[in-house]
Structure formats: structure tokens, C-alpha cells
Amino acid sequence: MNSIALKTFVGLRQTSPDAPHFAAQPRLPPSHRKLRIVAGKFSPKLQGRNLRVAVVGGGPAGGAAAETLAKGGVETFLFERKLDNCKPCGGAIPLCMVGEFDLPLDIIDRRVTKMKMISPSNVAVDIGRTLKPHEYIGMVRREVLDAYLRERAKENGANIINGLFMKMDIPKDNSSPYVLHYSSYDNKTGGAGEKRTLEVDAVIGADGANSKVAKSIDAGEYEYAIAFQERVKIPDDKMAYYEDLAEMYVGDDVSPDFYGWVFPKCDHVAVGTGTVTHKADIKKFQLATRKRAEDKILGGKIIRVEAHPIPEHPRPRRLLGRVALVGDAAGYVTKCSGEGIYFAAKSGRMCAEAIVEGSENGKRMVEEGDLRKYLEKWDKTYWPTYKVLDVLQKVFYRSNPAREAFVEMCADEYVQKMTFDSYLYKTVVPGNPLEDLKLAINTIGSLVRASAIRREMNKLNA
């Protein structure tokens, strides 16, 4: 993440005193959720209708955004082309997400309480010794989680459109509507979709790494990784091994800049890897990941193969006018760990909350300044997390000796506690000064040993 300007945005626009007039449907009343009203006094009231917002993309970001908008009195339209989509994703979610997003336990396939971190030389370190009895990492299937969040949004009043977003017409002033062009597949079983348009006051782009909404506002490009995953049905005795266990493999063989994984699902395991720098070799890395886990998945049958781009840093622009990006479309995937589900849902909710607050529960027009509050809050809350993980990836994923040092460091219980507490609850955990000093000394020692090993290996190769 070398020179990404996270706050390079176009300045605020003035708002026209006239509100647009187009057809609207009555929506459900706002929920009991208390939102602080911050609409500017010059923001015009809407006459005879509520604010209309389109959410493009029905993953965790879109589902969370649509639910929050609908609960907040906003007329909401959620677009998703593949309602049974199975995005290639490890599917790990932090414990705080279960409570924060009120997720039912029956959509969580596995509660992982043990993690094996396996070094390039196959030294395995058991992680999870510091977890409390009630703590775990949830493992979900994206097709189950996404469908649940969309259905909940629908129950709260959102209109779910089975459609493919194509483009949108940008208004020339601050009160005219955005015109979305899309292909509708509602009530269709196949063939080409029906071309339609929809007028809305604001747009949330939650349509993933290849976001068309991002292209519509010239949001800029970003570096991305390719994630490749196979779902493997393994024998019951093998599956018992992964009942509450996940594995992470590091090494040049599985990825030069990421890691390989074996994550348990309901009745199968997800085996995958990813890379930014060597995308053309992704299948070779996948074979190596399967090879490393071979004895534990022996006899398994591949039941699904998936691949998808994953952003490596936020886009240069995430907001323009009344259009904002969230989730993968905005680039909210952490380096080092590759985590994105929680941050997608959280960003979708935060953006929607800013719209609900700025519109006084759908009664006023919003402007860029209202949506900007979401970005300011997001950057203040999560920018340090992204920066720390970026540094960790650059330090520990650069060579096999550095990865050996990383795995060695993960054996430390203090490291495990700090790591798991930060991951599970998405808060910066205050450390013990003495333990922090010991950790710094041990880390330096590990890196010195790694550097010495690398020099010796280079001599041998020469």
C-alpha cells in the first residue's frame, strides 16, 4: 500500500433547493434503532415520498446496507444478479460479528477454537490456547450468509431485484436523480435479461472487486490478489479432524505473498490459496497447498472450484456526489490475513447509517457531505488495523526464513492472546509494557535468525 491517498475526494457540492419528483412506493416505518440526526438545515425536504437509494451487490456489504436503510425509513432497492452465488472465500468471521449483526447460530457451519499455523519446513504451531470457553472463529458458507442477510433486508422493507447492473447516468446537479440501467432477471429462468432503468437519489456500490459502480465514478484501480479455492468432500474420519480446527500454510510453494488454507465447512473443507504477484501460477500454488495437506484430505473429492479477485488496498476514490463504495468495491480487505467479510458488512452498515442520519430517516435529500461522514468514521476506526497488517505482510511474507520466524513468533501465548483478542472483537487491545518489550526482543531475534538463514541459503544456491 505504497502511496494510496485514502482521502483524495472531490469537494462538497451545493444542494439545489428543489427536490426531485418521481414515483415512490410507501415503505415500512423506521425501526426502533436510534440514529442521531445530523442533516444540514439547508438540505431540502422531500415532498410526498421518502429518499430512494439503490444498493448494487447482494453480499455482506450490500445486505447489511440494505437492511439498515430499510429500517431507517429509506426506500431501498438491492440489486443482485446471482442470488445463489458461492463466492470463493475462506468464510471466517470474528465472534463480534455474530452478536453485532445478530446472526443465528444455525448459519455457522463450524466454531473453530484451534488453528494450526504451518511453516515452510512443516513446523506446526497450535494457536488458540488463550481462547476462553465461549470464544471461537465462525466458519460460514457465503451462499448461506449472503442469502440470510438479503432476506432479512427484504423482511425489513427492502426491494430485492434479481438484476445485473450495467451503468448509471450521473446527474448534472445535486438534486436530480441517478438513472441506473440494468438487466432484470426477475421471474426469468434463462436467456437475456429485460432492459430496465431505475431513478434513485443515492447509490451504494457493494458490487465487489470488479465494481461497475466504481467505474461509473472513476474511482481508480487497485492492486488485487487472485483467490483460488476448492471445496473438498472428505471421508468422515478425516472430517472429524477438522471438527473445530483450521489450518494455514505459509511458504513459497503455496504462495509467494499470501498463505494457503484448509477451513472446515458443514460437511466438507475449503482448500485454497491466493497471490498478488504471481497470478498466472495460482493453480500451481493450489496444487502445492493440497500436497501440504495431502495426508489429512486423502480420499477427498472436489465438489466445487471457485476463483475470484480480492482487493489489496482501498481505492483512490470511494465517494463522489451521492455515490459511495463499500466492501470489496471500496477495497476493504486486510493484508496479511485477507479478511473481508466483517469489514464488508460493517462498511455497508456504516454507510447506510450515514444516509439515514443525513436524510432524517428518509425525509430529506442527502448530499456528499452526509456520505463523507461514513468515510471519516471508517478511516478513523480501521485505518490503523490496515496499516499494521500491511507492515506485517511486508516483514514476514517476504521469504521462507521470514515465514519461519513468523510461525515461531505465533507460538508465543502473549502473541496469540493479543492477536485473537484483536481479531475476535475488532478492537485495539492494550498491551502489557513488559510483555511488549519481550515480544519486540523475540521478534528481532527471530528476524535476525531468518536473515542469517536466508544468507546461508543464498550461498548454497550460488
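Visitor: In this predicted model, which residue's side chain is joined to that of D201 by a polar contact, and at what distance?
Guide: D201 sits in the loop that links β11 (194-200) with β12 (202-205), and the model that places D201 there is a predicted one. The side chain of D201 makes a polar contact with another side chain, and the partner and distance are R49 and 2.9 Å.

Visitor: Is D201 buried or exposed?
Guide: Residues count as buried under 20% relative accessible area. D201 has a relative accessible area of 0%, and therefore D201 is buried.

Visitor: In what order do the seven strands of the open sheet follow one another, and which are the edge strands?
Guide: The seven strands, whose pairing is mixed, form an open sheet in the order β6-β5-β14-β15-β16-β13-β17. Neighbouring strands of this sheet are turned against each other by 15 degrees on average, with direction ignored. Two of the strands pair on one side only, and these edge strands are β6 and β17 (301-311).

Visitor: Which strands pair with β5, and how many bridges join β5 to each?
Guide: With β14 (residues 245-251), β5 runs parallel, and five bridges join the two; within this pairing, K114 has L245 as its bridge partner. With β6 (residues 124-127), the sense is antiparallel, and there M115 is partnered by I127.

Visitor: Why is strand β5 largely enclosed by the rest of the structure?
Guide: Strand β5 covers residues 114-118, and it is largely enclosed because the number of its five residues that are buried is four.

Visitor: Which residue takes a positive phi in the hairpin of β5 and β6?
Guide: Five residues lie between the two strands of this hairpin. The phi in question is near 65 degrees, and the residue that takes it is N122.

Visitor: Which helix lies across β5, β6, β14 and β15, and at what angle to β14 does it run?
Guide: The helix that lies across these four strands, with β15 spanning 255-264, comprises residues 400-410. This helix is α11, and its angle to β14 is about 150 degrees.

Conventions
Residues are numbered from 1 along each chain as its sequence is written. This is a predicted model: local features need pLDDT of at least 70, side-chain atom pairs count only at pLDDT 80 or more; totals for chains, interfaces and linings use all residues. Side-chain values use heavy atoms; hydrogens and water are left out. Buried means under 20% relative accessible area, exposed over 50%, partly exposed in between (1.4 Å probe, protein chains only). Two strands pair if DSSP finds at least two bridges between them. A polar contact is a pair of N or O atoms within 3.5 Å; within protein, one must be able to donate a hydrogen and the other to accept it, and residues adjacent in sequence count only if both atoms are side-chain atoms. Axes are lines fitted to C-alpha atoms, for helices over the stretch in contact, and angles run from 0 to 180 degrees between N-to-C directions. Contact means heavy atoms within 4.5 Å.
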